[in-house]
Amino acid sequence: MRQSRLFTKARREAPTGEVAKNAQLLVRAGYIHKEMAGVYDFLPLGLRTLHKIIGIIREEMNAIGGEEVLLTTLQNPEIWKKSGRWDDTVVDVWFKTYLKNGGELGLGNTHEEPLAALMTEHISSYKDLPRYIYQFQNKFRNETRAKSGIMRTREFIMKDLYSFSKDADSHKEYYEKVAIAYENIFKRVGIGDKTYRTFASGGSFSKYSHEYQTVCDAGEDTIYIDVSKKLALNKEVYDDSEVYATSGITKENLKEEKAIEVGNIFTLGTKFSDALGLSYKNAEGKATSVYMGSYGIGPARLMGTIVELLSDEKGLVWPESVAPFSIHLVSLGKSGDDISKIADALYEDFVKTGVEVLYDDRDMSVGQKFTESDLLGIPKRIVVGRDAIATGTFEVCERANGEVVKKLRTELLA
Ligand code: ATP
Ligand code: MG
């Protein structure tokens with residue numbers, strides 16, 4: 001993509017009133033736009049990164065047998081009344097609205113109820129189980145705090161996976177598969193070393209759930225980590241003696257940290273299947289409640305976490321796996337001169353070989369171009385300057401560590 005065609009502009013100043021580092025940098029770099037507190041638009045560069053993250057999550061969900069769907073945002077109150085979760089005192093983040101001809105609707109904040117209701121039409125026998133259904137879907141939550149930029153917003157895409165199993169044992173087996181898939185995801189997006197499987201409070205069917213918490217000062221949660229075991233406890237279960245027996249963690253080895261909850265995995269048991277009448281006939285013909293689990297990740301929260309952890313004083317720093325482009329090709333020529341002709345040709349070569357390249361073909365000062373390039377955080381910068389004419393070489397700069405090497409055109413395209 002030619003940068004001259006990109007409608008977004010980088011800016012020097014952070015927007016006033018934006019306190020989160022992730023949103024400050026992403027707004028400055030033109031990745032996102034703030035509509036209002038806790039509500040952000042994704043612009044071309046931001047959307048590319050978000051799609052990369054979503055792509056990685058989708059691959060890992062498909063690898064563990066996930067089937068992708070897209071459920072609606074608009075929610076029928078009747079379904080939610082069955083589980084008791086329509087009530088604002090039970091779920092305090094509801095956004096609700098009205099039909100013109102009367103009647104209330106909800107904007108979905110999660111999807112256990114509608115999916116359990118939907119699955120009653122598709123699950124009737126043990127032969128129909130297990131099922132693993134997931135989606136990337138816009139959730140609406142009337143969050144009271146909105147100070148963490150894109151990590152806590154009132155409208156956001158969630159990856160929510162739901163498992164439907166025969167019994168607690170087969171559920172447990174799948175639950176551990178999801179745990180591995182989650183670890184793969186966090187590794188692949190570059191935050192694996194700082195992300196801990198964390199014991200948190202569970203609900204009625206398991207004493208504990210597991211959160212994936214990424215250690216970071218910008219986090220809203222407090223956790224206690226055991227570095228050698230790569231496990232942690234959420235503060236909410238720290239004083240519960242049973243959690244130490246269950247997890248094998250020793251209190252003395254724990255270190256308090258601030259952390260961001262990037263994902264969680266949850267045993268739901270038969271809570272929703274009982275409420276919504278989701279059952280199957282077992283091999284003996286006996287009606288049995290389906291055993292459920294739910295598993296969430298917020299792709300934008302993940303994106304914000306990557307920014308909080310990896311960016312530096314010059315701007316964003318993306319790992320290759322989620323970067324909007326792999327290469328930032330920066331021409332130091334002026335349109336029509338020899339340098340810009342070489343840059344044009346190199347750009348076309350990259351496009352032909354399928355390399356994702358952002359080409360800064362604009363007539364701007366060198367300083368301004370480099371400052372912006374640093375801010376955008378694309379992993380590799382290739383500079384087309386006088387060397388390209390004199391010696392046929394190009395400076396290649398790694399954004400993450402500032403390392404510079406000179407390469408020939410053939411080496412760049414190899
Ligand atoms: P939190 O305790 O941070 O509010 P939660 O327990 O409400 O999170 P879930 O309802 O399980 O989270 O949502 C699943 C995932 O969706 C979370 O792990 C997080 O990655 C993401 N998520 C939750 N709320 C938001 C939000 N307001 N904005 C962006 N992402 C979110
Ligand atoms: Mg929440």
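Colleague: Into which domains is the chain divided?
Modeller: This is a predicted model. The chain of 414 residues has its domain bounds from an automatic or database assignment. The division gives domain 1 (3–310) and domain 2 (327–412).

Colleague: How many residues does the contact take from domain 1, and how many from domain 2?
Modeller: The C-alpha centres of domain 1 and domain 2 lie 39 Å apart. Contact here needs heavy atoms within 4.5 Å. By that cut-off, the contact takes eleven residues from domain 1 and ten residues from domain 2.

Colleague: How many helices and strands does the chain have?
Modeller: The C-alpha trace spans about 80 × 60 × 45 Å along its principal axes. Among contacts with a separation of 6 or more, 67% join residues 24 or more positions apart. The secondary structure of the chain amounts to twelve helices and 21 strands.

Colleague: Which residues line the largest cavity?
Modeller: The structure holds one cavity of 30 Å³ or more, and the largest cavity has a volume of about 30 Å³. By class, its lining has two nonpolar, one polar and three charged residues. The lining residues are Ser373, Asp374, Ile378, Arg381, Cys397 and Arg399.

Colleague: Which residues of helix H10 are buried?
Modeller: Helix H10 covers residues 366–376. What covers its buried residues includes helix H1 (21–28), helix H2 (44–63) and the strands E17 (327–331), E18 (357–360) and E19 (380–384). To count as buried, a residue must have under 20% relative accessible area. In H10 the buried residues are Lys369, Glu372, Ser373, Asp374, Leu375 and Leu376.

Colleague: Which residue follows H10, and what is its phi?
Modeller: H10 ends at residue 376. The residue that follows the helix has a positive phi. That residue is Gly377, with phi near 75°.

Colleague: Which residues are the closest to the centre of the second largest pocket?
Modeller: The second largest pocket has a volume of about 390 Å³. It is lined by 18 residues. The closest to its centre are Lys9, Ala10, Arg11, Gln368 and Glu372.

Colleague: Where does the largest share of the lining of the second largest pocket come from?
Modeller: By class, this lining has six nonpolar, five polar and seven charged residues. It draws at least three residues from each of domain 1 and domain 2. The largest share, five residues, comes from H10.

Colleague: Does strand E9 run parallel or antiparallel to E12?
Modeller: Strands of a sheet pair through backbone hydrogen bonds, either parallel or antiparallel. Three bridges join E9 (residues 195–201) to E12, and Arg197 stands opposite Leu231 in E12. The two strands run parallel.

Colleague: What is the bridge partner of Ile223 in E12?
Modeller: E11 (residues 221–226) is joined to E12 by four bridges. These two strands run antiparallel. In E12, the partner of Ile223 is Asn234.

Colleague: Are the residues of strand E12 buried or exposed?
Modeller: E12 covers residues 231–234. Leu231 and Leu233 point one way from the strand, while Ala232 and Asn234 point the other way. On both sides, all of these residues are buried.

Colleague: What is the relative accessible area of Lys230?
Modeller: Lys230 is found in the loop between E11 and E12, a hairpin with four residues between the strands. Its phi is near 55°, a positive value in a residue other than glycine. The relative accessible area of Lys230 is 32%.

Colleague: Which residues are joined by a cis peptide bond?
Modeller: The bond has an omega of about 0°. One of its residues, Pro130, is found in the loop between helix H4 (112–119) and strand E7 (131–140). The cis peptide bond joins Leu129 and Pro130.

Conventions:
Residues numbered from 1 in each chain as written. Chains lettered and ligands numbered in written order. Predicted model: local features only at pLDDT ≥ 70, side-chain atom pairs only at ≥ 80, totals over all residues. Heavy atoms only, no water. Buried < 20%, exposed > 50% of the residue type's maximum accessible area, 1.4 Å probe, protein only. Pairing = 2+ DSSP bridges. 1 Å grid on protein atoms, 1.4 Å probe; cavity = no way out; pocket = protein on both sides within 12 Å on 5 of 7 lines; lining within 4 Å. Points joined across faces, edges and corners; volume = space filled by probe spheres on them. Nonpolar A, V, L, I, M, F, W, Y, C, P; charged D, E, K, R; others polar.
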